[in-house]
Amino acid sequence: MTPPRLARRLLTPDPGWTTQADVIVVGSGIAGLTTALEARRAGRVLLVTKTTLQESSTFWAQGGIAAALDPGDSPDAHLRDTLVAGVGVCDDEAVRVLVTEGPKRVRELAALGAEFERTDSGEIALTREGGHLHDRIAHAGGDATGREISRALIEALHAVRADPNIEVIEHALVVDVLNAADGRACGVTLHVIGEGQRDGVGAALGRAVVLATGGIGQVYASTTNPAVATGDGVAAALRAGAEVADLEFVQFHPTVMWLGRSAKGQQPLISEAVRGEGAVLRDVEGRRFMVGRHELAELAPRDVVSKAAVQAMAETGAEHVWLDARHLGAEFLEHRFPTIVARCREAGFDPATDLVPVTPAQHYASGGVRTDLHGRTSVPGLYACGEVACTGVHGANRLASNSLLEGLVFGHRIAAELAAGLPDQADPAERDGSPALLSNDARFYVQGAMTTEAGVVRSGTSLAAAAERLARLGAERVTDEASTEAWETTNLHAVAATLVAHAALREESRGGHWRADFPERDDAHWRGHLLSRLDPDGVLTTRYQPLPAADRPAEGL
Ligand SMILES: Cc1cc2nc3c(=O)[nH]c(=O)nc-3n(C[C@H](O)[C@H](O)[C@H](O)COP(=O)(O)OP(=O)(O)OC[C@H]3O[C@@H](n4cnc5c(N)ncnc54)[C@H](O)[C@@H]3O)c2cc1C
């Protein structure tokens, strides 16, 4: 397959204004908010976010945040479960950082004001989700954990607004990362709506840039991610010369409410925690299709359940399977899952009395901008944190409730790294190559190609077709009218093309990457990462990096 050729910068009007800070943080989910709050000790922080502070996947998170808080649990046990879910391609060191620093960070978040549910004795109450062999999921507001974490962090931000070391601009979409002549990151171009003097396209210069832009969900027609999740950070990092890794590992959540064939964009998620509390899955003929497929049945890792659901749908000719929570009772469901119950009822299904139709939909990007243990990307001065990053903790499939934790833990680590010393401000240099932009009508076609040809099940043939469609879209659907929609669409296209290139190369099935033509996991050839960057001509070059020989804690990891 010919590697895709992508734009090295987006068509953008010349900046009409310039601002400056020491650290520029892009995004206001758990990763961006944590980094910004902590990094103000390193210098002046400018936090910019695409719409409002609240709008993020973080806000929508339901289940909770995982950490070995129970005395009977341990970071080692959490590590083991994470490695199992990651199907052999996690970076062990990154996982160890996550699980070891996690408990302290979750307690700090609680001390900051996040009101997790508590036991009668006042401890943080813990529940279990798919792939965890111990109760270690802290949750809040029943099934509104993300909303509570977002609230607590935004309140903490408001509390320090008087601090001259922190400034926030909402409705500020970052278009590109600026590079200095020596390649390092030295700021961003951004488009701001309605901020007085800082309106329209501007430049924010900084000594370090932290991308915390979240996921890529809108690359697919149906996703649990909000509209802001258009992969902007991954695409901007690629254009800035950074390496991205493992984009082929896409987590499709098995229980997203099915609202009919025409439903597009963000769809309602029914958290794993509902299965954690005892709900089961049935095919449309009433059979529990997870029993006998995996020792954890409905609580098997998400890729296993999604694949089984797709197979059950194919076998029965249905477009969904059923989630059966009826035996849990109205009182329990309403208390434990108030948001989910309300959303189901709104759609016409009462989980206390009805089966609820569910289907897999895009949920999480396990890959992203490649970073080390301190959030550093391959471009000096450019950091990535949270879902946009690939720290290596998720491998081929993220373990439930590990992503909020990743943003929290690595946000702290990046802030510590920045506090250790920032370089001098550099001047931005002009980037080679002609700028490009795709018109918004390409978005629909990108999503269509990705959903039918690079979704839960892929094959060499379907991926070649997707690559061809994407190449054609890139050549034909161009525009010279810069707009939010066009910038986002061009980013979606770049992420899709990279994801397809990786998925075509990886001739095996593992975690969130299922090849119908290579159904087995192949450790001999594919126990490692695929890493891509754009060469100076905008051609995507990809290399394979095997993981070190395994010193694994258990068989089969
Ligand atoms: C419905 C749902 C339920 C989930 N449940 C859980 C759960 O229970 N537990 C768990 O651990 N994980 C869960 N996840 C995953 C988890 O919520 C996310 O992975 C995590 O919140 C990502 O945090 P983040 O800070 O990296 O990104 P986000 O929270 O997505 O924040 C990204 C921010 O970047 C901004 N942004 C994007 N592009 C730009 C741009 N170009 N310029 C400026 N700003 C930009 C966005 O507006 C947003 O503010 C869930 C996700 C969803 C969608």
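View 1. The ligand is surrounded by 37 residues, where a residue counts as near if one of its heavy atoms lies within 4 Å of the molecule, and the closest are Thr58, Gly63, Gly64, Glu387 and Ser403. Since this is a predicted model, local features need pLDDT of at least 70 and side-chain atom pairs count only at pLDDT 80 or more, while totals for chains, interfaces and linings use all residues. Residues are numbered from 1 along each chain as its sequence is written, and side-chain values use heavy atoms, with hydrogens and water left out.

View 2. A polar backbone atom of glycine 64 lies 2.7 Å from a nitrogen atom of the ligand. An oxygen atom of the ligand is 3.0 Å from a polar backbone atom of serine 28, and an oxygen atom of the ligand is also 3.0 Å from a backbone N or O atom of glutamate 55.

**View 3. Packing of helices H12 and H14.** Helix H12 (residues 442–453) packs against helix H14 (residues 484–505) at an angle of about 25°, and their axes, which are lines fitted to C-alpha atoms over the stretch in contact, are 9 Å apart. This makes H12 roughly parallel to H14, a term used for angles under 35 degrees between N-to-C directions, on a scale that runs from 0 to 180 degrees. The contact, meaning heavy atoms within 4.5 Å, includes Ala442, Arg443, Val446 and Met450 of H12. Its residues divide into seven nonpolar, two polar and three charged.

**View 4. Packing of helices H13 and H14.** Helix H13 (residues 460–476) and H14 pack at an angle of about 155°, with their axes 10 Å apart, and the two are therefore roughly antiparallel to each other, as angles over 145 degrees are called. Among the residues that make this contact are Leu463, Ala466 and Leu470 of H13, together with His493, Ala496 and Val500 of H14. By class, the contact has ten nonpolar, two polar and no charged residues.

**View 5. Crossing of helices H4 and H11.** The axes of helix H4 (residues 92–112) and helix H11 (residues 402–419) come within 8 Å and cross at roughly 90°, which makes H4 roughly perpendicular to H11, the term for angles of 65 to 115 degrees. The contact residues divide into nine nonpolar, three polar and five charged.

Terms used
Helix = DSSP H or I, 4+ residues; strand = E, 2+ residues; numbered from the N terminus. Nonpolar A, V, L, I, M, F, W, Y, C, P; charged D, E, K, R; others polar. Polar contact = N/O pair within 3.5 Å; in protein donor to acceptor, adjacent residues only side chain to side chain.
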